[in-house]
Amino acid sequence: VCRCQGHFASTHILPFSPSSLAHSTMAAAVSPKKVTPTQFRMFYERGDFPIALDHDTKGPKISWKIDLEKLDYHHYLPLFFDGLCETQHPYEFFAVQGIKDMLAKGGDRVVAVIPQLIIPIKNALGTQNPRILCNTLKTLQGLVSCSPAIGTALVPYYRQILPMFNKFKTKNVTTGDKIVYGQQKRENIGDLINETLEAFERHGGPDAFINIKYMIPTYESCLLN
C-alpha cells in the first residue's frame with residue numbers, strides 16, 4: 001500500500017480522476033489476498049499425515065512413516081498441494097518438501113491425480129501472495145518434469161491456471177527486500193513465470209505452445225526461436 005501511495009504522489013494523479021481509478025484498480029488486481037486456513041493445516045494438526053520433521057547435514061527434511069511407493073497419491077498429493085497456500089512454519093515446509101518427495105517417487109502415479117491438483121493450484125496462484133506464487137511456480141516446474149506424460153496432461157487445464165501468469169509475467173516482484181536478492185534465491189516472480197512457461201512448452205507436447213500463446217500472447221517459444 002505504501003508503495004502505491006508513493007507512486008500516486010510521484011506522478012501527481014488527482015484523486016477520483018480516471019488515471020487514479022486505473023492505477024488503484026491495477027494495484028488491487030495484483031495485491032495479495034487473505035488466505036483462509038487450509039485443509040492441509042487441519043490434517044497436519046490432527047496428526048493425519050504419516051510425516052515427521054527430521055534433520056541431516058543438509059538441513060531439515062521429512063521423515064516418512066510409510067514407504068512412498070505404498071502411499072495413496074489420490075488422497076495425499078491434492079492435500080499437500082492445498083498446503084501451497086501456507087506461509088507459516090512448519091506447514092509451508094511440510095507442504096513444499098512433501099510434494100517434492102512425492103513427485104520424486106511418484107512417476108506415472110502422479111498423472112492420474114492431475115485433475116485433483118488443478119483447484120489447489122488455482123487457489124495458490126489466486127492468493128497473489130509473492131511467497132506463495134514462488135513456491136507454486138517452482139512446484140509446477142517440478143510437476144511437469146517428474147513424468148513424461150504430465151506435461152501433456154496439463155495442457156487442457158492451461159485456461160484455468162495460466163490467467164494469473166498474465167498478471168505477474170512482467171513484474172519484478174520478489175519475496176525479499178531487493179530484486180537482486182530475489183533473483184539470487186530464484187524468487188523473482190516474472191523470471192519464475194517465464195521458466196515455468198518454458199517448462200510447460202518443453203514437456204507439453206506439440207499442442208503446448210499454441211495453447212500457451214492463446215492465453216499469454218506475449219510469450220515467445222523457447223523451442224521454435
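Which charged end sits over the ring of phenylalanine 43? The charged end of arginine 46 does, 4.8 Å from the ring centre; a charge is placed over a ring if NZ of Lys or CZ of Arg is within 6 Å of the ring centre and within 35 degrees of the ring normal.

The structure is a predicted model, in which local features need pLDDT of at least 70, side-chain atom pairs count only at pLDDT 80 or more, and totals for chains, interfaces and linings use all residues. Residues are numbered from 1 along each chain as its sequence is written, and side-chain values use heavy atoms, with hydrogens and water left out.

**Overall fold**

The chain has 13 helices and 2 strands, taken as DSSP runs numbered from the N terminus (helices H or I, at least four residues; strands E, at least two). Of its 225 residues, 43% count as buried, where buried means under 20% relative accessible area, exposed over 50% and partly exposed in between (1.4 Å probe, protein chains only). Among contacts with a separation of 6 or more, 68% are between residues 24 or more positions apart; contact means heavy atoms within 4.5 Å.

**Aromatic pairs**

Rings of Phe, Tyr and Trp (its six-membered ring) pair if their centres lie within 6.5 Å; planes under 30 degrees apart count as stacked, over 60 as edge-to-face and the rest as tilted. By this rule there are 12 aromatic pairs.

In the second pair, phenylalanine 209 belongs to helix H13 (residues 208–215) and tyrosine 219 to the segment after H13, 10 residues apart. Phenylalanine 209 is partly exposed at 22% relative accessibility, whereas tyrosine 219 is buried at 2%.

**Helix H4**

Tyr76 and Phe80 are among the buried residues of helix H4. This helix, residues 73–82, is mostly covered, with 8 of its 10 residues buried. Its buried residues pack against helices H3 (39–45), H5 (91–106), H6 (114–126) and H7 (130–145), and against strands S1 (51–56) and S2 (59–64). At the start of H4, a side-chain oxygen of aspartate 72 comes to within 3.1 Å of the backbone nitrogen of histidine 74.

Glycine 190 is placed in helix H12 (residues 189–203) and is buried, with a relative accessible area of 4%. Its C-alpha lies 9.6 Å from that of lysine 167, a residue 23 positions away in sequence.

Threonine 196 is also found in H12 and is buried at 0% relative accessibility. A polar atom of its side chain lies 2.7 Å from the backbone oxygen of leucine 192. Residues up to four places away in sequence aside, threonine 196 touches Leu137, Leu140, Gln141 and Phe165.

The axes of H12 and H13 come within 8 Å and cross at roughly 145°; axes are lines fitted to C-alpha atoms, for helices over the stretch in contact, and angles run from 0 to 180 degrees between N-to-C directions. Leu197, Phe200 and Glu201 of H12 meet Ala208, Phe209 and Ile212 of H13 in this contact.

Note on methods. A polar contact is a pair of N or O atoms within 3.5 Å; within protein, one must be able to donate a hydrogen and the other to accept it, and residues adjacent in sequence count only if both atoms are side-chain atoms.
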